[in-house]
Amino acid sequence: MASKEEKRRRAVLVQMMVAEDTKKAIEEMPISLAHLGQLFDYLDVELEEGCDHTPKITTAFLTSNNLNTETILHWLQEQGGFCDCEILANVEESWENEISKNT
Ligand SMILES: [Zn+2]
């Protein structure tokens, strides 16, 4: 049986690993946290009209900001964001903490 002390030490190690993974993920993402935050705000407003199950609002945002649309759409898909409402539902959750911490 692991002692209380040992459990606490392990918990800290896990936290550090998660933080390290997050840092790496942020470094490797093809869009800045600032732009990602703006994208989510934009989707929040534009999706009031409903989602047609394409990423057209996201594409319009990326294009108008001169971002790498193709790479970023692919990255969003990897996180379960295949259309505008899924990007907001599945991707925002993973990043909202980091966005509020870093912007
Ligand atoms: Zn949708």
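This is a predicted model: local features need pLDDT of at least 70, side-chain atom pairs count only at pLDDT 80 or more; totals for chains, interfaces and linings use all residues.

Student: Which protein atoms are the donors of the zinc ion?

Tutor: The donors are the SG atoms of Cys51, Cys83 and Cys85, together with ND1 of His53. These atoms lie 2.2 to 2.5 Å from the zinc ion.

Student: How should I read the angles that the four donor atoms subtend around the zinc ion?

Tutor: The general idea is that four tetrahedral donors have an ideal angle of 109.5 degrees at a metal. Here the four donor atoms subtend angles of 99 to 116°, and the arrangement is therefore tetrahedral.

Student: How are the donor residues of the zinc ion spaced in sequence?

Tutor: Their spacing is C-x1-H-x29-C-x1-C. Cys51 belongs to the loop between α2 (33–46) and α3 (56–64), whereas Cys85 belongs to helix α5 (residues 84–102), so this pair ties together parts that are 34 residues apart in sequence.

Student: Are Cys51 and Cys85 buried, partly exposed or exposed?

Tutor: One reads this from the relative accessible area: under 20% is buried, over 50% is exposed, and values in between are partly exposed. Cys51 has 22% and is therefore partly exposed. Cys85, with 29%, is also partly exposed.

Student: Where does Leu39 lie, and what does it touch?

Tutor: Leu39 lies in helix α2 and counts as buried, because its relative accessibility is 0%. Setting aside residues up to four places away in sequence, Leu39 touches Thr58, Phe61 and Leu76. Phe61 is 22 residues from Leu39 along the chain, and their C-alpha atoms are separated by 6.8 Å.

Student: May we apply the reasoning to another residue? Is Thr69 buried or exposed?

Tutor: Thr69, which lies in helix α4 (residues 69–78), has a relative accessible area of 18% and is therefore buried. When its neighbours within four places in sequence are left aside, Thr69 is in contact with Thr59, Leu62 and Thr63.

Student: Let us turn to the surface. Which residues form a nonpolar patch there?

Tutor: Val12, Leu13 and Met16 form such a patch, and together they have about 270 Å² of accessible area. Val12 is found in helix α1 (residues 4–28). Its relative accessibility is 43%, so Val12 counts as partly exposed.

Student: Thank you. How may I summarise the metal site?

Tutor: You may say that Cys51, His53, Cys83 and Cys85 provide the protein donors of the zinc ion, and that the four donor atoms are in a tetrahedral arrangement.

Terms used: Residues are numbered from 1 along each chain as its sequence is written. Side-chain values use heavy atoms; hydrogens and water are left out. Donors are N, O and S atoms within 2.8 Å of the metal (3.2 Å for Na, K and Ca); water is not among the atoms, so sites may look incomplete. Four donors count as tetrahedral if all angles lie between 85 and 135 degrees; four count as square planar and six as octahedral if opposite donors are over 155 degrees apart and all others between 65 and 115; anything else is irregular. Helices (H or I, at least four residues) and strands (E, at least two) are DSSP runs, numbered from the N terminus. Buried means under 20% relative accessible area, exposed over 50%, partly exposed in between (1.4 Å probe, protein chains only). Contact means heavy atoms within 4.5 Å. Patches are made of residues with over 30% relative accessible area and no salt bridge: like charges are joined within 9 Å, nonpolar side chains (Val, Leu, Ile, Met, Phe, Trp, Tyr) within 5 Å. Accessible areas come from the Shrake-Rupley method with a 1.4 Å probe; for residues, only the protein chains shown count as cover. A salt bridge is a side-chain nitrogen of Lys or Arg within 4 Å of a carboxyl oxygen of Asp or Glu.
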